[in-house]
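Hi everyone, thanks for coming.

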Amino acid sequence: MSRNFREIFRFELRQTFRSPLFWGTGLFFATMTFGAVTSDSVTIGGGIGNVQRNAPFVILQLLSVMSIIGVFVTTAFVAGAALRDFERGTHELFFSKPMAKLDYLGGRFAGSLVASTGVMVLCSLGILVGSFMPWLEAERIGPTLAGPYLFALAVLVIPNLLLTGALFFALASASRSWLVTYVGVVVFFAGFFVSTLMLGDVEHQTLGALLDPFGATAIDLATRYWTVADKNTALPPLSGLLLWNRLIWTGVGLAVLSLSFATFRTTAGAPTYGALGRLLRRRKKVAVEQGSAAEDAPALVVPPASRDFSSRRNRSLFFHALRRETVGVWKSIPFVVMIAFGMFNLAGSSVVRFERFGTKVYPVTALMLDNIQGSFVFLLVIIVTLYAGELVWRERALKVAEVTDALPGPSWVPLLSKIGALWIVILTFLTVGGLTAIGIQLSQGYTHVEPALYAEGLAIEGVRFLLAAVLAVFFQVLCNQKFVGYLAMILFLISQTVLASLNFDHRLYRFADTPSMTYSDMNGYGHYLQGFAWFNLYWACFALLLLVGAVLFWVRGSESVWRLRVREAKARFRGPWRALAAAGLVGWVAIGAWIFWNTNVLNAYVPTDEQEHRQADYEKQYRKKYKDLIAPRIVDAEANVDIFPDERRVEIAGRYVLKNKSNRPESEIHLQLDPRVKVRRLSLDPKWRTHFDQRLGYSIYELPVPLAPGATMELSFQLMVEERGFVNQNSDTSLVYNGTFFNNTQYFPVLAYDESRQLQDRNDRRKYGLPAAIRMAKLEDVNARRNNYVSGDADWIGFRATVSTSADQIALAPGYLQREWKVGNRRYFRYEMDRPILGFYSFLSARWAVKKDVWHPGKENVAIEIYYDPAHAYNVDRMIDSAKKSLDYFTVAFSPYQHRQVRILEFPRYASFAQSFPNTIPYSESIGFIADLRDPDDIDYVFYVTAHEVAHQWWAHQVIGGAVQGGTMLSESLAQYSALMVMQKEYGKEKMRRFLKYELDQYLQGRGGELIEEMPLMRVENQPYIHYRKGSLVFYALQDAIGEETVDRALSRYIAQVAYQEPPYTYTPDLMKILREVTPPAQQGLLTDLFEEITLYDMRATSATWTKRPDGKYLVKLTVDAKKIRANGRGVESPLALDDSIDVGVFGEKTATKEGKKQETVLYLAKHRLTQPTSMFELVVDGKPIEAGIDPLNKLVDRTSDDNRMKVTAAGT
Amino acid sequence: MLSIRNLSKTYGNGVRALVDVSLEVPAGMFGLLGPNGAGKSTLMRTIATLQEPDSGSVRFDGIDVLNGKQALREVLGYLPQDFGVYPKVSAETMLDHFAVLKGLANGRERRAVVKALLERTNLWAVKDQKLGTFSGGMRQRFGIAQALIGEPKLVIVDEPTAGLDPEERNRFLNLLAEIGESVVIILSTHIVEDVTDLCPRMAILAGGELRVAGEPRQVIAELEGQIWQKTVTKPELARYEAEHEVLSRRLSAGRTVIHVWSESDPGEEFEGVAPDLEDVYFHALRHAGLGAETALAA
């Protein structure tokens, strides 16, 4: 290293460490990582979750993400190093020195690279310091280790900085233009995002991991199935894809750098680049004097001009300035770059964002608006902050301020024109977002363009930025120092999240913070608009005060002493400004009072922590005493439910029949009601009330005459639920203008301790001194099986309901429609159920279109009815088809359908699930109705979800498990199996493979995120990744091993045995017993592996060759490794002796099927009993082999599923 | 016309920029001479409504400047020291913008004014070029063009000739000289020739205090018979500086010519010379208070 290099390097470093850019961004980034570690409200690249806050995995993730975001800053360093001397005109001073070009470039680049690294080191410090903060729970903090930081810096951060630094240093020195460099950054990121999304699914992960220049995908892949224990302690091995990725991209970085050094020009000026260059470059011509000296010019008299200082003139002055300021921002490079970046980001994330199982969703406007919110508008935070400073300081930065400040014209003109310009810029940005979104819709063949909805949605999204713009300008004016102004704005932004994390939720003191708005095609913005409008009006009044403040303190001239500024402000505070301030203040206070009336008087204001506190108290006070209470049970329910959608009100008049099913007299009735429910009348005498807890809604009544065993009594009630005015947060989504949907546990009296009301989050529970986890009752707990896992106060009940709603809506409840009539402007519907159902029923009301069909007309005559939003007709026929085919399968394989009707009811996307009630299936508008099934290659999950829900009519509504471990297997896993079989019949095995690959991935990721204990399937404790995902895999493997018919027969027997059973309810051993009976002895071990244990496999093809035999056939020699592993609930693994029948297969070329789809030919596929860790097969096949392997169709749970097969090569080559 | 009374200003860091400055400025060109840091720009900015004094008053043509900033701005033309431009805007666009801000509402009239000013400052030929490409002299001429929009009655130009080549400087001063005689023009400068060439009245500011004010001819006359000149060698210089009050030294054909101030003949073969404004200037920098009465009398 030469002395020159060292000197240049040292100088470059010194420059950086003195620059506000370095410290500003470094501290900002460090604050981000600090925030992410110390609070749940700051997340960087996904939340920390439940691993330790300073776990190696977290450190890796945070620094990885920061090194990617950081490119926007580090580019400024490297491009600065490349461009500074040419900009400042000092290049001639340098290049006239006796110094090698390499020393100069190397020193500059190395210096800027170290500076970039410095920013990342500050980020690391943010994490490190954050992990010592006293408010963090001790058990969420692991030991402080240097290793993870060093690993992250050495493996991720520095190679990433080297690569991007080299790229943009090269681009900057080749183009000599900041604009081109930053456009390059945007293009680079756009490419990065698009390729990440394209290669993001499980089918392209290897390529994706190699092509990701930042190595994040490789890290993700290496840690994808890590358990919490792994994340807390381990670092990914620097091998395999990760190592290759790092080598490739570091190599690329170095290559680009050398090329750039070699072609560096020491002369000033941009290269020409032909026509492209002419386009990119602004015309730069040096003004040349023409004509002669001034003496020769005629001493012209300046013509007289009238001057106008009227207030009307001031207004046009304002518009004149507004136009100039706005155009100035429009033309500025950072704005253009951010718009371009936002557009790419929006487009990229819209491509795959709404996929389920790789199947697209129609890009309906509501989703596009969500997407704009998620991946586009965040840039406005930067734009508002940045340009507030830029605009306020524009004249002073260019040193024109002394001229303009001394010009006549009122001081409010520049101020208001700057705020106005900022507003127009915000609106421009949003408009571009809207147009981009429309473009995306059109490009995906979706032509239902809704400009008015875009306008509304973007306006709603934009208001807070308009208000924030006023605040940002106010800060700049008041602070009167650009960076202090920025700092104030950043502190404000941070304070917003800090307030939230401290449960200061009320929007009366959270500037421009409005309730989040969800648009539903069914319900529009619904009742959300009201609160939104008032909160914004409230803050708009406050913004008016800020505005007046900014006018008063607007600095004109060079005076910055506070005493003098206050004097000036006082002098300016008169006339219209006084009036405006008074109007703002009055409006602010008055609207504030109105909001308070709505949020705290009409409605209860329950901050998040109070809500948690209540849940914790509920558990503390009642769980121990009453969880196992034996009380009279509901055997019949009848209700008159009057829904008033426009008023968001429901009147309930209900009658339960209670029966004492125990063998001793019962005198206590435990009645629980949501505190928001108003009781108008109750058949229980208030005098009997021995306990009344208004806050938690828990009362106990002591019957004067105990209810004898077997005796029944009536409990009737009149209730009213009303959503009045608007609330601060958690706006109710059950009672809405169009799409009301609630179930009995929400508003009806519940007569048993309700576990679903308990706090769920582990950390919240710990905070309130509760045991970290609520575990389900053990399988062996006979007592717990007195209840099914759906309702604790009823078994099978009779049900009838009269539901009414407004004239333009249909109201629905389980049961068959008996009668429909009208009274005044109300529509009434009478539904009656002809057989007992579970104590779980729902009420819905909306303006639906209805499509009707009949299954097996003339025979069972099951009516199929789809109630859907008229705009969402896309997949209604698929649903009908699926329902019919499900009925076809289930009625033959399992048992007859117990109802005469299947109804699917669309409800607004405030929730995104489908749920099966007796003959009634509410189905969210967001999950199936808008799926885009036009590509026949995609997985038809609408068909699948519908089949799953129909299957619940058997698995839940015929067979219901007790409230013990494994209960959800009996409904969810069996519904998964049933749906899979219907789908397999419809779409074939090839599709199943693809579908199951997603299930496998979800299962493995789910167990990675397990916090408590992974249970074997038959002991699943309501863990979705087990009862859905693993359930699919297990039952699919089971039918693969013992045959679909055998499984169906077993299930049919099971139904016959336990359907509609009274307590004690069935549990998984009942099913296992039957399965054991039907399974041949050789496969009994499989049942153990699948249901009773957690079993993982590691299959791998290690070599595969072919030789052609004289008879024209091919001999394939295949060597495979096979391992079987048992895991315990914490993810600790132990090897297991292998003795399994496993698929071995050889595959030939892809050929087109009848439908024109490519499918590989199966040359050989058979199960082989494997017992050794390594096996060799010699297989003779007819066609030319392409691939061969073990478990080639991925039926086993294998964490590296893509090494199961490999290419077959010719032997001896 | 312009009357400055007891103006004082002390900055937060303790620098006393103006100390009880009082000055009467009649119509015509007025030269304000002073070294860097003398308080010239503070005084200029205060008159131009851009800064608040701690005490004192400024009145112009019936306007109380400190309390009637808006009124003053309507008759003001100001060319600040070291002002910037929007580098990517053309001269004509920028001048038009300033004209709008100066209240020239009528588009046709405004365009005529802009054209006339650009022609008068000899910038018409380059009106479409970006200001960022202008040379220093062109930029100053642009500066005076913007200051002259709207027929100002008070024109303040703060150190306009610093850094200009002689030709450009002449050109610029000629422009100033063309402004009508009924207008108050304050030319602040540290270049003595600017004042000598141009200003019928002048003042010298140093250390925030007014040192001299009056007509150049008159203040020069006050030093009549007190300026002595001698050509000395380099080694002798230090001795002369110790023994005499040397006002200035300049090189002439490799030797040093010094001017000293003395009320009587200092001997040593010094020869008496007629004082010029430069002598007055250097003398004022060394001697506070001289000529203050004259200033008040004016």
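**A walk through chains A and B**

Let me begin with a pair of helices in chain B, α3(B) and α4(B), whose crossing is right-handed. Please keep in mind throughout that this is a predicted model. Helix α3 of chain B covers residues 91–101 and helix α4 of chain B covers residues 107–120; the two pack at an angle of about 125°, and their axes are 10 Å apart. At that angle, α3(B) and α4(B) are therefore oblique to each other. Who touches whom here? From α3(B) we have A91(B), E92(B), L95(B), D96(B), A99(B) and V100(B), and they meet R110(B), V113(B), V114(B), L117(B) and L118(B) in α4(B). By class, this contact of α3(B) with α4(B) has eight nonpolar residues, three charged ones and no polar ones.

Let's step back to the domains. Chain B is assigned two stretches, domain 1 at 2–216 and domain 2 at 225–273. For chain A, the assignment gives domain 1 as 3–187 + 205–266, domain 2 as 314–602 and domain 3 as 1094–1213. The centres of domain 2 and domain 3 of chain A, again over C-alpha atoms, are separated by 59 Å.

Now, how do the chains meet? Chain A brings 38 residues to the contact and chain B brings 51 residues. On the side of chain A that touches chain B, the elements giving two or more residues are α14 (311–331) and α19 (401–405) of chain A. That side of chain A divides into 20 nonpolar, eight polar and 10 charged residues.

As a reminder, two packed helices are described by the angle between their axes and the distance between the axes. In the pair made by helix α4 (residues 71–88) and helix α6 (residues 101–130) of chain A, the axes come within 9 Å and cross at roughly 160°. That makes α4(A) roughly antiparallel to α6(A). The crossing of α4(A) past α6(A) is right-handed. On the α4(A) side, V73(A), T74(A), F77(A), V78(A), G80(A), A81(A) and A82(A) take part, and they meet R108(A), F109(A), G111(A), S112(A), A115(A), S116(A) and V119(A) in α6(A). Sorted by class, the contact of α4(A) with α6(A) has eight nonpolar, five polar and one charged residue.

The other pair is helix α29 (residues 876–893) and helix α31 (residues 967–987) of chain A, with axes that come within 10 Å and cross at roughly 115°. That makes α29(A) roughly perpendicular to α31(A). The crossing of α29(A) and α31(A) is right-handed. Here K885(A), S886(A), Y889(A) and F890(A) in α29(A) meet S978(A), M981(A), V982(A), K985(A) and E986(A) in α31(A). The residues of the contact of α29(A) with α31(A) are four nonpolar, two polar and three charged.

On to the strands. In chain A, strand β2 (residues 649–659) runs antiparallel to strand β7 (residues 712–722), and 11 bridges join them. You can find G654(A) opposite F717(A) in β7(A). Strand β4 (residues 678–682) of chain A is also antiparallel to β7(A), with four bridges between them. There, K678(A) has M720(A) in β7(A) as its bridge partner.

Further along chain A, three strands in the order β8-β14-β10 form an open sheet with antiparallel pairing. Its edge strands are β8 (740–743) and β10 (810–812) of chain A. On average, neighbouring strands of this sheet are turned by 5° against each other, direction ignored. Four bridges link β8(A) to strand β14 (residues 842–846) of chain A, and N743(A) has S842(A) in β14(A) as its bridge partner.

Finally, back to chain B, where four strands in the order β12-β13-β11-β14 make an open sheet with antiparallel pairing. At its edges are β12 (245–252) and β14 (271–272) of chain B. Seven bridges join β12(B) to strand β13 (residues 255–261) of chain B, and V246(B) stands opposite V260(B) in β13(B). What lies across this part of chain B? Helix α10 (residues 277–286) of chain B lies across β11 (227–232), β12 and β13, and runs at about 135° to β12(B).

How values were computed. Residues are numbered from 1 along each chain as its sequence is written. Chains are lettered from A and ligands numbered from 1 in the order in which they are written. This is a predicted model: local features need pLDDT of at least 70, side-chain atom pairs count only at pLDDT 80 or more; totals for chains, interfaces and linings use all residues. Axes are lines fitted to C-alpha atoms, for helices over the stretch in contact, and angles run from 0 to 180 degrees between N-to-C directions. Angles under 35 degrees count as roughly parallel, over 145 as roughly antiparallel, 65 to 115 as roughly perpendicular and the rest as oblique. A crossing is left-handed if the near helix is turned anticlockwise from the far one by less than a right angle, and right-handed if clockwise. Two residues are in contact if their C-beta atoms, placed from the backbone, lie within 7 Å. Ala, Val, Leu, Ile, Met, Phe, Trp, Tyr, Cys and Pro count as nonpolar, Asp, Glu, Lys and Arg as charged, and the others, Gly among them, as polar. Domain bounds come from an automatic or database domain assignment. Two strands pair if DSSP finds at least two bridges between them.
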